[in-house]
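Hi,

Here is the model I promised to pass on.

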Amino acid sequence: MNPFSEERRHLYIISHNGIPATTSVEKEQEININLINIDPDIPIYRYMKWEHLKNFYTDHKWVLANPRTWQDKYEHFIFKCEKFYNPKIGATIELGNLEAQYFAQCWTLTEENSMQWQVNKPHSNSSIDNTPQSNGGEIWVKIKSTPKKLLYEMFYSNNNLVNNGLNVLTYFIGRVKYLEEDYIRNFQITDPKEIFDNKGLQQVLFLLMKRKPYECENEVRLIMQTDSDFLRNNPGTLVKRPIDNWYELIDEIVIDPWATDTQVQEVSSFMENLACQNNKPVIPVSKSHLNDTPRYLIPTIAF
């Protein structure tokens, strides 16, 4: 696990004073200080609609969503507070519309999880699933990448959504911490520094907190932190970050276990054509084996 250090990050930001990284060494340093409790090269996985992945391969823009669109009502719990009382100064501090300023994307460290497939893709779960007569429903896929790849492209692709000198205050990726619900319910703010800081970190850490019942998700989050000026120019609940090295971002594609042979061929053909058009090696494509019929071996008895 990447040994995250708030102090090391703070010293880096002060020493560089908003000057964008230019050398490969500086870029690696800049990325490492925004990796929160996760190794840069560990494989991570994301479940998504095939249609959305095709869109990425067409427009080369990586989509992040505002957490307000997520189902869990405890997400970004601290941002639901409109204000808090600071006893040190004897005054109430307005928080404003903080939750609108964040965009994120969910990944997982777990290579494959039946629950993730079932939560994302509706299916009958019957014994006749995946028969030739079935249309297979909407295609879902699981993609594979690494924290370093994702963060590098968010930081250094052209047509940035923010000034390059603000990258270190804008893009993060980190492992989610799972907490008891009582901790979240009873959480108290006694100091503005618990929310606001000049290192652009504290609010991000709140987005890396979830309740214990979700621990099986083993989640990693790519996070973009913006401000009110950004929101004025980019209204809505989605942001699309142009990606330069879009073909190299994803290492592998696994198709959902209920996909039909026709659907598997559709994905495979698309990726083969994409590789040919861009003179690149084909990104590996396979179908999940979670729904395969087992082939039992009959033991041979020697007489």
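How many of the ten residues of helix α5 (residues 147-156) are buried? Seven are, so α5 is largely enclosed by the rest of the structure. Buried here means under 20% relative accessible area, with exposed over 50% and partly exposed in between (1.4 Å probe, protein chains only). The buried residues of α5 are P147, L150, L151, E153, M154, F155 and Y156. Helices (H or I, at least four residues) and strands (E, at least two) are DSSP runs, numbered from the N terminus.

Before you dig in, some housekeeping. This is a predicted model, where local features need pLDDT of at least 70 and side-chain atom pairs count only at pLDDT 80 or more, while totals for chains, interfaces and linings use all residues. Residues are numbered from 1 along each chain as its sequence is written, and side-chain values use heavy atoms, with hydrogens and water left out.

(Rings of Phe, Tyr and Trp, the last by its six-membered ring, pair if their centres lie within 6.5 Å; planes under 30 degrees apart count as stacked, over 60 as edge-to-face and the rest as tilted.) Y171 sits in strand β8 (residues 171-175), 16 residues from F155, and the pair links distant parts of the chain. Both F155 and Y171 are buried.

In total the structure holds eleven aromatic pairs. One of them is F56 with W62, edge-to-face at 4.7 Å centre to centre and 65° between the planes. F56 and W62 are both buried, and they belong to one aromatic cluster together with Y57, W107, W246 and Y247.

Next, the strands. β6 (residues 102-108) has six of its seven residues buried, so β6 too is largely enclosed by the rest of the structure. It runs antiparallel to β11 (residues 219-225), joined by seven bridges; strands pair if DSSP finds at least two bridges between them. Q105, for instance, has L222 of β11 as its bridge partner.

Last, a helix pair: the axes of α3 (residues 50-59) and α10 (residues 261-277) come within 12 Å and cross at roughly 10°. That makes α3 roughly parallel to α10. On the α3 side the contact (heavy atoms within 4.5 Å) is made by W50, K54 and Y57, and on the α10 side by E266, V267, F270, M271 and L274.

Cheers

Technical notes:
Axes are lines fitted to C-alpha atoms, for helices over the stretch in contact, and angles run from 0 to 180 degrees between N-to-C directions. Angles under 35 degrees count as roughly parallel, over 145 as roughly antiparallel, 65 to 115 as roughly perpendicular and the rest as oblique.
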